[in-house]
Amino acid sequence: MLYRVEGIVIRSTDYGEGNKIITLLTPDFGKQGIVVRGAKKLKSRYGALAQLFTYGEYSYYKNNSLGTLNSGEIIESYYQLREGLEKPAYAAYAAELTDRAINDDETAAFLFHQLKACQAALTEDKDPQVVLRVYEMRVVSTAGYAPILDECVHCGKQEGDFRFSFVAGGALCHNCRHRDPGAIELMDGVWKLLRLFAHLDLRRLGHITVKDSTKIQLQLVMRKWMDTHLNLNLKSRHFLDQLEKYGEMLVKPKPMADQEPLSDREVTNDAD
Ligand SMILES: [Zn+2]
């Protein structure tokens, strides 16, 4: 049977002599595995269609689990996501997360549009720490593991101080916090963003400025949440971790010894 779909390449692996198998995220058929013959050959018309992050229209024959590409056309190549070090790392993380968290054949129209928006936002240099956190929220929601944030998971109380419980499924009020001794306190800014992200459509994301300390806690919360409920052990995350630590090293302030010592006189002048 011949299918014709729009899709985004979320995985691309070598297969035999010069071929590739790609996994597409499609709006109507979820994930679709397709063999692209000759994709690795120099003059292949279909090489670009088989590249990670490509958004295109694909026609393929499929009788069993794996399809065979018949023809296709690129709608948006997202080539920027394959250049440099950071963008490919962030985009690969979003792609692998999608691939691992979503079952085959699960209809994924909303997630498809969210992934497309995620790739577009990374291309437009929106803060990847914000883009990815919103996208993670979309993925856990699609997978059925959205945290409960607006009321106590246990008693439904909507006011007061909450702690965040990974195992209980979200917010725990003061009276119920004993139910999970591992529940943690979050900064106000993190609660705010979690609640915002829980309902935010990535297509409507503007440029949000978030403090570094808030970003770090937000990242840790989403990570531990996904580890608790999805347990994916993503390869791309290990790489991203190394990259982000390296980035941190680059912006570290100079050690004290390298700075000019302040004279007494300068200190006095400052005080005036
Ligand atoms: Zn409660």
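Phenylalanine 162 stands opposite cysteine 173 in β7, in a predicted model where local features need pLDDT of at least 70, side-chain atom pairs count only at pLDDT 80 or more, and totals for chains, interfaces and linings use all residues. Residues are numbered from 1 along each chain as its sequence is written. Strands β6 (residues 162-165) and β7 (residues 170-173) pair in the antiparallel sense over 4 bridges, where pairing requires that DSSP finds at least two bridges between two strands, and helices (H or I, at least four residues) and strands (E, at least two) are DSSP runs numbered from the N terminus. The two strands form a hairpin with 4 residues between them, and glycine 169 in the turn has a positive phi of about 110°. Both faces of β6 are covered, with Phe162 and Phe164 buried on one side and Arg163 and Ser165 buried on the other; buried means that 20 or more other C-beta atoms, placed from the backbone, lie within 10 Å of the residue's own.

Helix α2 (residues 109-123) reaches 21 Å from its first C-alpha to its last. Its buried residues include Leu111, Phe112, Leu115 and Cys118, and among the elements that cover them are β1, α1 (86-101) and α3 (128-142). Just after α2, aspartate 125 takes a positive phi of about 65°.

The domain assignment, which is automatic or from a database, gives domain 1 (2-77) and domain 2 (86-251). Their contact takes 14 residues from domain 1 and 16 residues from domain 2, contact meaning C-beta atoms, placed from the backbone, within 7 Å.

Methods:
Two residues are in contact if their C-beta atoms, placed from the backbone, lie within 7 Å. The expected span of a helix is 1.5 Å times one less than its number of residues. A residue is buried if 20 or more other C-beta atoms lie within 10 Å of its own, exposed if 12 or fewer, and partly exposed in between; C-beta atoms are placed from the backbone.
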